[in-house]
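Subject: Structure handover

Hello,

Here is the structure I said I would pass on. Please open it alongside this message; my notes on what was found follow below.

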Amino acid sequence: MPGSIYKCLSLIGERIIANKDYLTELDREIGDSDHGINMARGFKAVLEKVNPDESDIGAALKKAGMTLLSTVGGASGPLYGTAYMEAGKILAGKTEIDSQDMKAVFEASIAGIQKRGKAVRGEKTMLDAIIPASETYAKKISEGADMIHALDAAIESAHEGVEYTKTIIATKGRASYLGERSIGHQDPGATSATLMLEAICDYLKGK
Ligand SMILES: Nc1ncnc2c1ncn2[C@@H]1O[C@H](COP(=O)(O)OP(=O)(O)OP(=O)(O)O)[C@@H](O)[C@H]1O
Ligand SMILES: [Mg+2]
């Protein structure tokens, strides 16, 4: 795998920061206009706190998770913070990852988000992008695809999940206050989750 975990986190952070206004605009429609601001602040802090020379992927992700937890705030801070920390546990001590590690990371992150946020698929949250992505990833790997091809397919599923969030009512988080009026709007968290997957894939492709 090219580069380091810090490089991967940098690509995630750059993508989130580049989409700060877009994510905030999505949250303006069904939330409180802070998702992009929260996430950009969180990833700026992650890139300041994680040691660029860290070779232990698990340690870097744990630090990233703790930083997201303490700096992002709102609903998404604890949720993404938990996801990164759970991923960090899976990858503790590792300096590179294989396709099965990535599968375990997806599954542990989802379990962490669900334990903390008590949401299931279909409630118009980040899980509507991450769960289909994880399922597609696992299917592709079981069919013999390599990590990059499986992740490319997973990202397609994440995009479909984001589109799906436009068609459903929010039943978790601030967007749920809107009830039926949340229909027609894209979930900010599903969008930020998809941006993260795209950045991870770019990293694996050596971009
Ligand atoms: N229980 C939950 N499980 C999973 N994701 C959730 C949950 N609640 C909210 N989210 C995600 O968090 C995103 C909103 O994140 P944001 O940073 O704007 O925090 P917030 O303003 O406190 O959130 P909210 O307005 O939803 O309470 C939503 O778009 C959704 O994807
Ligand atoms: Mg918000």
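This is a predicted model: local features need pLDDT of at least 70, side-chain atom pairs count only at pLDDT 80 or more; totals for chains, interfaces and linings use all residues.

Lys-124 sits in the loop that runs between H6 and H7. Lys-124 is buried, because 28 other C-beta atoms lie within 10 Å and the cut-off for burial is 20 or more. The phi angle of Lys-124 is positive, near 65°, and the residue is not a glycine. Most residues other than glycine have a negative phi.

The loop between H6 and helix H7 (127–142) also holds Lys-118. Phi is positive here too, at about 60° in a residue that is not a glycine. Is Lys-118 buried or exposed? Lys-118 is exposed, because it has 9 C-beta neighbours inside 10 Å and the limit for that class is 12 or fewer.

Lys-124 is also one of the residues touched by Ala-170, leaving aside residues up to four places away in sequence. Ala-170 is placed in the loop between helix H8 (147–165) and H9. Ala-170 is buried, with 23 other C-beta atoms within 10 Å.

Next, the ligand. Ligand 1 is surrounded by 25 residues, and the closest are Gly-74, Gly-117, Gly-173, Arg-174 and Gly-189. By class, the shell around ligand 1 comprises nine nonpolar, nine polar and seven charged residues. Which helices supply at least two residues each to this shell? They are helix H3 (35–49), helix H5 (76–90), helix H6 (99–117) and helix H9 (188–204). H9 gives the most, with three residues.

Last, a helix pair. Helix H1 (residues 5–18) packs with H3 at an angle of about 155°, and the two axes are 9 Å apart. H1 is therefore roughly antiparallel to H3, since angles over 145 degrees count as such. The crossing of H1 and H3 is left-handed. On the H1 side, the contact is made by Leu-9, Ser-10, Ile-12, Gly-13, Ile-16 and Ile-17. H3 contributes Met-39, Ala-40, Phe-43, Lys-44, Val-46 and Leu-47. The residues of this contact divide into nine nonpolar, two polar and one charged.

Regards

Notes. Residues are numbered from 1 along each chain as its sequence is written. Chains are lettered from A and ligands numbered from 1 in the order in which they are written. A residue is near a molecule or strand if its C-beta atom, placed from the backbone, lies within 6 Å of it. Helices (H or I, at least four residues) and strands (E, at least two) are DSSP runs, numbered from the N terminus. Ala, Val, Leu, Ile, Met, Phe, Trp, Tyr, Cys and Pro count as nonpolar, Asp, Glu, Lys and Arg as charged, and the others, Gly among them, as polar. Axes are lines fitted to C-alpha atoms, for helices over the stretch in contact, and angles run from 0 to 180 degrees between N-to-C directions. Angles under 35 degrees count as roughly parallel, over 145 as roughly antiparallel, 65 to 115 as roughly perpendicular and the rest as oblique. A crossing is left-handed if the near helix is turned anticlockwise from the far one by less than a right angle, and right-handed if clockwise. Two residues are in contact if their C-beta atoms, placed from the backbone, lie within 7 Å.
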